[in-house]
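Work through the two exercises below with the sequence and the model at hand, and try each task before reading its solution.

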Amino acid sequence: MAGKSKIVVKEHLSLREILREIKKRKIDYDLTERLIFISDLFKCISVPKASKNIGVSHSTGYMWLKKWNAKGLEGLIPKYAGGRPSELSKEDLKKLDKILLKTPNLTNDIVSDIIEYEFNVKYSDRNISRILRKLDYTYTKPYMIYKKMPDDAEEQLKKKHLKSV
């Protein structure tokens, strides 16, 4: 009975770094994918089958074919517009970050209220999360702070632990 062989993959880059490298080359990848599609058409493969081979819908395949026929290679180069510009400028984000650093117990609702009050801009909860991630804020589990706890409670705990060891 034959067993499965274990394949060893050296981790030259972490998965996150690999995905970042792929993202850097996204335009090249998209163009390559489209060229593979066109090469399949030259091999007399139908548009629906060539589309299925690279994992796009046949309507996308027909659109790529139309662009290829109209402009050749230039027509296949992806054109990313970059989306709508943010209503908060970089300076506004810096100002927001300074305000958030001074604000305890942040929640999305509190941040939304701050942005609406300070900058007169209304964002959805999803966009608030994106802004917070952009400013390097992360979600953490809240924990209780007791009023009667001494200021040096952590030091006392360490001393107590060292005595018991």
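The model is predicted, so local features need pLDDT of at least 70 and side-chain atom pairs count only at pLDDT 80 or more, while totals for chains, interfaces and linings use all residues. Residues are numbered from 1 along each chain as its sequence is written, and side-chain values use heavy atoms, with hydrogens and water left out.

**Exercise 1.** Determine how the rings of Phe-37 and Trp-64 are arranged, and which helices they join.

Solution. Rings of Phe, Tyr and Trp (its six-membered ring) pair if their centres lie within 6.5 Å, and planes under 30 degrees apart count as stacked, over 60 as edge-to-face and the rest as tilted. The structure holds two aromatic pairs. For Phe-37 and Trp-64 the centres are 5.6 Å apart and the planes stand at 75°, so this pair is edge-to-face. Phe-37 lies in helix H2 (residues 26-42) and Trp-64 in helix H4 (residues 58-71), so the pair ties together parts 27 residues apart in sequence; helices are DSSP runs (H or I, at least four residues), numbered from the N terminus. Both Phe-37 and Trp-64 are buried, where buried means under 20% relative accessible area, exposed over 50% and partly exposed in between (1.4 Å probe, protein chains only).

**Exercise 2.** Decide whether Lys-102 is buried or exposed, and name the helix that holds this residue.

Solution. Lys-102 is found in helix H6, and because its relative accessibility is 72%, Lys-102 counts as exposed.

Technical notes
Helix = DSSP H or I, 4+ residues; strand = E, 2+ residues; numbered from the N terminus.
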